[in-house]
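Hello,

Here is the structure I promised to pass on. Please open it and keep it beside you while you read my notes below.

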Amino acid sequence: MGLHMRLEGADTPLTDACRHVLGMPHLCPSGLSENWLWKELGHRHWGLIAKALGRAEAGFGPVGEPPVYAAFRRISLQRGDLGSVRENDALEVRSTVTYLSETRVVSRHVAACRDRLVADVEMTSVFVRRQAEGVNRSIARVRIEGRGHAKPVLAAMPIQPSITEHEFLEAVAAPEERELGTMVVEPCPHLDFNGAGLLYFSSFVAAVDRAEWRFLGSRSGNYATRVRRALFHANVEMGDSLLVRMLASGHEASCCHRALLSTEDGKLLAEIVTRRITL
């Protein structure tokens, strides 16, 4: 996909590459920690945006106005082989911005080890800021103009996904779903919120993993992620609880489920579809 960059007028894609020698922070019992991977790639996504805008500090927008952030709208991990890596392996990650405009950014990240693909990830973010100071539920989309000037484009983040976003999830969701149950997750400010005070996107995925462990038990530990797709619709305040409703299908050799994350008053926060394979 060609780069569309009205912000800087650049005619070549923004790319970056790094190498990680894997140790305990990068790993889990089943191989590469997916939670670590999301945080690392989220940081790389942000760094590429800052590079494009010529700014490295957190938040964009004019001085004296609420900062503008890049909030993830959707993420996709495909062809995952997270269980193939071990301690002291070298993980090579190449990141590229494939689309950049005043309203959204798309990046692609390819992680490989020993010339073998470990994960192919695409991440889409939109520019947002709070309409009321300190109120996460007031997050609304904005348009970045020039070198960081922002103006509103929508009153709020969309509550319901569009047709194309439904298709984004249905490409992975399995038929004949069965209800597993609903679990309450209480996010912790020290673990689940980022430096901007927002519930970090990786914490939504972690909540689904906690629910999977709750409903599948020890069987959950025998799986590694092959595919993960998520759509994010809204954020929460510190102290809010998440309701994670799990719907599953598949057989013993695989683990397929769809999770609907919402607030206690029923507001949809995220939809996450997961497909795992046996180690």
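Tyr 200 is partly exposed, because its relative accessibility is 21% and buried means under 20%. Please note that this is a predicted model. Phe 201 is buried, with a relative accessible area of 5%.

How many aromatic pairs are there? The count is 5. Tyr 200 and Phe 201 form an edge-to-face pair, because their planes stand at 70° and their ring centres are 4.8 Å apart. The cut-off for edge-to-face is over 60 degrees. Ring pairs also join Tyr 200 and Phe 201 into a cluster with Trp 38, Phe 72, Phe 204 and Phe 232.

The charged end of Arg 104 sits over the ring of Tyr 99, 4.3 Å from the ring centre.

Next, the nonpolar cores. The largest one has 43 residues. Leu 32, Ile 75, Leu 91, Val 244 and Leu 261 have the most contacts inside it. Helix α4, residues 201-216, gives the most to this core, with 6 residues. A second, separate core has 14 residues, including Leu 14, Leu 100, Val 105 and Ile 144.

Look at Leu 91 again.

Last, find Ala 71 in strand β4, residues 69-78. Setting aside neighbours within four places in sequence, Ala 71 is in contact with Thr 124, Ser 125, Val 126 and Val 128. Ala 71 and Ala 234 are 163 residues apart along the chain, and their C-alpha atoms are separated by 9.7 Å.

Best wishes

Terms used: Residues are numbered from 1 along each chain as its sequence is written. This is a predicted model: local features need pLDDT of at least 70, side-chain atom pairs count only at pLDDT 80 or more; totals for chains, interfaces and linings use all residues. Side-chain values use heavy atoms; hydrogens and water are left out. Rings of Phe, Tyr and Trp (its six-membered ring) pair if their centres lie within 6.5 Å; planes under 30 degrees apart count as stacked, over 60 as edge-to-face and the rest as tilted. Buried means under 20% relative accessible area, exposed over 50%, partly exposed in between (1.4 Å probe, protein chains only). A charge sits over a ring if NZ of Lys or CZ of Arg is within 6 Å of the ring centre and within 35 degrees of the ring normal. Helices (H or I, at least four residues) and strands (E, at least two) are DSSP runs, numbered from the N terminus. Contact means heavy atoms within 4.5 Å. A nonpolar core is a set of buried Ala, Val, Leu, Ile, Met, Phe, Trp, Tyr and Cys residues joined through side-chain atoms within 4.5 Å.
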